[in-house]
Amino acid sequence: MKLSKKAIALLVLAALLLLSACGGNQAGSAGQNGGTTSGSSSAGGDAGNGGGQSDGSSEKIRLTFWDFHTEAEQAFFERMVAEYNAIQDRVEIVYSTSNQTDYTTTKLPIAFAGGEGPDIFMISPGDFMKFANAGWMLDLTPYFPEGALEDFLPASIEAVTVDGKILALPFELELLALYYNEDMLRNAGVDVPKTWDELLDAARKLTTDKVAGLILPPEKGPYFNFVWYPFLWQKGGTVLSEDGKTSLFDTPEVAEALDFWGTFFREGLSPTKLQQHPTEIDHIGNGTAAMQIVGTWAINRAEQVFGDVPINVTPIPHPVDGRLATDAGGWKFAVNANSKHADEAAKFVMWVFAEDPQRALEWVTDIKFAYSPRKSVVEAGKEIYEKGMRKVFTEQIYDTAIPEPRYPAQVVDIVGDALQEVMYGRDAAEAAADAHRRLTEVLKELE
Amino acid sequence: MVANRKNARKLQEWATAYLFVLPDVAGLFVFVFLPILYAFYVSLHRWNAFSPRAFVGFDNYAALVSDAQWWHSLERTFLFSAVYVPLLFALSLASAVMIHALKKRTANLVRTMFLMPFAITSVTSAIIGIFLMDPRNGLINQLFKHAGLPTQQFLGSPSQALYCIVAVLLWINLGYNMVIFLAAIKEIPRDYYEAANLDGASGWQMFRYITFPLLRGTSTFILIVTLIGSFQVMDQIMVMTKGGPVNSTQVSAYYIYKVAFEQMNMGYSSALAFALFSIIFALSLIQLKLLSRE
């Protein structure tokens with residue numbers, strides 16, 4: 001049957017309509033680069049539906065577990081999921097990953113906002129309050145196995161507790177320290193710095209045309225603040241009060257900590273722009289830097305990739321009139337409070353990291369290097385915690401760690417602004433006062 | 001009888017024309033107009049994407065008037081556009097005129113070279129920019145050193161970072177705009193130039209009195225599209241500076257993104273976005289009025 005011209009035209013139009021519906025925002029950009037990018041794409045598998053749905057044929061409950069980890073860490077969780085799926089047949093867990101930026105900035109918030117959040121997910125201290133205030137995280141207190149809760153360090157449990165409810169499970173503590181190239185220090189006649197003055201002096205002596213004295217993160221963001229906090233805490237300063245409602249930023253301690261940080265950049269000892277991420281030990285490994293403040297995660301890479309570079313570590317130098325302190329970061333494991341099978345999801349979370357210490361130990365000693373918030377795990381891994389650079393962490397740094405604070409994004413931004421202003425020449429006391437004013441305004445709004 | 005057939009054909013032409021345009025308009029409507037209306041609706045509420053919306057009327061708009069960061073971001077945006085748009089216009093027009101004067105084979109080669117950067121994704125161009133402009137090891141600073149010039153901080157300097165972003169965008173967009181100009185220049189009849197030559201006109205005079213006036217339509221198009229595009233720059237800023245250092249590259253689009261997705265303040269960011277949209281819309285209208293002549 002011959003299709004009339006009209007029929008063909010209608011078919012073509014229908015097809016075009018369908019295509020334009022999928023094509024989206026073509027008209028606005030006119031092909032210019034520099035237009036906005038279209039949405040994020042997820043790296044790993046498919047985004048599952050929120051909530052466990054039991055399909056008609058089998059009784060199994062399906063739970064979705066969204067993650068951002070890559071490589072060995074991803075493989076670890078894939079194995080955990082496979083094992084858990086195999087040892088019981090009540091639930092089946094579906095695991096998927098996205099890249100970290102998409103995960104934290106768009107994937108999770110948008111899914112939760114639409115009521116389609118995954119049953120199981122990861123939460124960082126930076127986003128913790130955002131999710132807690134929205135009521136997205138399940139109270140895990142009743143799910144702790146007998147005696148497990150006491151095994152955890154009180155500070156790490158406090159960091160995830162809001163209004164008496166434990167909203168996430170901590171499973172790693174990543175501590176910051178000062179890494180350095182032993183040869184470079186020796187050649188420059190510099191001793192391993194122990195105080196602020198010594199650190200500044202060492203950086204000055206070690207900086208050359210080709211080598212940076214000290215690598216610090218130069219760009220704003222949660223990690224930027226994370227690396228600065230030890231300097232603030234060493235002076236006894238803090239950003240907000242205990243209850244998070246008042247700004248304590250307008251103090252001389254804050255100004256001194258800001259100024260100390262800024263000095264490294266102002267004198268050209270720390271580069272204002274890095275080609276690689278400041279979390280990578282590659283800066284020392286490649287010989288472009290003499291010292292770097294970075295975390296426990298760097299040890300494995302230093303040993304495996306830069307084994308021939310004499311890298312060693314020491315606690316972050318403290319001011320003469322202050323104390324040792326460092327930052328303890330790390331992700332937490334959380335369950336969607338609105339999940340249809342929150343119980344089962346919580347059981348999985350506890351199974352992975354709150355039960356058999358072997359799994360938790362594998363994570364912190366084999367897959368990556370970090371500390372476990374569980375005393376039994378630290379005990380079980382005693383040998384590993386004494387190997388090489390880990391020994392320095394275990395003996396000198398572990399006890400001085402303060403958990404990364406969980407401030408709202410606006411607070412992180414304001415503190416970041418103050419740091420940057422001082423880095424580029426503003427008077428530290430002024431910057432602190434200004435930030436204090438802005439913090440007070442923001443905290444009032446957030447009430 | 002004849003009149004009816006004429007009307008019928010006119011109707012059919014008219015209908016076909018609109019039907020052809022319909023798919024794109026339908027797409028525009030669903031994916032552009034409706035979201036704009038929805039954004040305005042959201043801007044009248046306080047909403048952080050998870051708690052229920054709370055109607056606050058025009059509070060968000062009142063807030064943005066007294067928001068120092070917003071005004072600062074507008075200043076950076078206008079500065080960016082004020083530098084980028086004229087430069088892009090001038091450079092692409094100049095290169096088009098130059099290529100037009102070359103012999104065919106050379107012209108094709110040069111044109112391809114100019115156009116190639118356009119094929120790079122924006123993120124890749126940003127990463128290349130980071131490497132080229134690295135204060136310590138970047139190629140550009142190495143060249144400066146050899147030439148005896150002082151090395152620059154580029155993206156690590158609050159006073160230079162914005163212009164570095166301009167430079168990267170010029171690099172990748174030059175070819176595209178140049179090709180548009182080139183096509184328009186080729187449309188100009190050779191007789192005009194021959195006549196001008198007979199009258200003894202110089203190259204510059206030919207450009208000023210023949211080429212440039214006859215490119216009015218194309219120029220208008222390029223200026224408007226470039227201006228709108230310059231307000232939307234995000235990728236390079238996100239990759240190269242994240243709005244820094246010291247917020248010197250925090251243009252309005254980036255500030256809106258920050259408020260929306262880092263602070264989860266959907267209501268306020270929608271108000272900001274709507275304000276930015278109004279500004280771009282007004283500017284484009286003004287440009288169109290000033291530059292077009294039927």
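Author: We may begin with a definition: the radius of gyration is taken over C-alpha atoms, and the globule rule is 2.2 Å times the number of residues to the power 0.38. Please note that the model before us is predicted.

Reader: What radius of gyration does chain B have, against that of a compact globule of 294 residues?

Author: Chain B has 24 Å, whereas a compact globule of 294 residues would have a radius near 19 Å. Along the principal axes, the C-alpha atoms of chain B fill a box of roughly 85 × 70 × 30 Å.

Reader: How many helices and strands make up the secondary structure of chain B?

Author: Chain B comes to 13 helices and two strands. Of its 294 residues, 35% count as buried. Among contacts in chain B between residues at least 6 apart in sequence, those joining residues at least 24 apart make up 70%.

Reader: How is the packing of two helices described?

Author: Two packed helices are described by the angle between their axes and by the distance between those axes. In chain B, helix 5 (residues 122-132) and helix 7 (residues 161-186) pack at about 125°, and their axes are 10 Å apart. Helix 5 and helix 7 of chain B are therefore oblique to each other, and their crossing is right-handed.

Reader: Which residues meet in the contact of helix 5 with helix 7 of chain B?

Author: From helix 5 of chain B come S125(B), A126(B) and G129(B), which meet C164(B), V168(B) and I172(B) of helix 7 of chain B. By class, this contact has four nonpolar, two polar and no charged residues.

Reader: At what angle do the axes of helix 10 and helix 17 of chain A cross?

Author: The axes of helix 10 (residues 252-266) and helix 17 (residues 409-423) of chain A cross at roughly 50° and come within 7 Å. These two helices of chain A are therefore oblique to each other, and the crossing of helix 10 and helix 17 of chain A is right-handed. Among the residues that meet there are L258(A), W261(A) and F265(A) in helix 10 and L419(A) and V422(A) in helix 17 of chain A. The contact divides into seven nonpolar, one polar and two charged residues.

Reader: Why does L87(B) count as partly exposed?

Author: A residue is buried if 20 or more other C-beta atoms lie within 10 Å of its own, and exposed if 12 or fewer do. L87(B) counts as partly exposed because it has 16 C-beta neighbours inside 10 Å. L87(B) lies in helix 3 (residues 68-100) of chain B.

Notes. Residues numbered from 1 in each chain as written. Chains lettered and ligands numbered in written order. Predicted model: local features only at pLDDT ≥ 70, side-chain atom pairs only at ≥ 80, totals over all residues. Axes fitted to C-alpha atoms, helices over the stretch in contact; angles between N-to-C directions. Helix = DSSP H or I, 4+ residues; strand = E, 2+ residues; numbered from the N terminus. Parallel < 35°, antiparallel > 145°, perpendicular 65-115°, else oblique. Left-handed = near helix turned anticlockwise from the far one by under 90°. Contact = placed C-beta atoms within 7 Å. Nonpolar A, V, L, I, M, F, W, Y, C, P; charged D, E, K, R; others polar.
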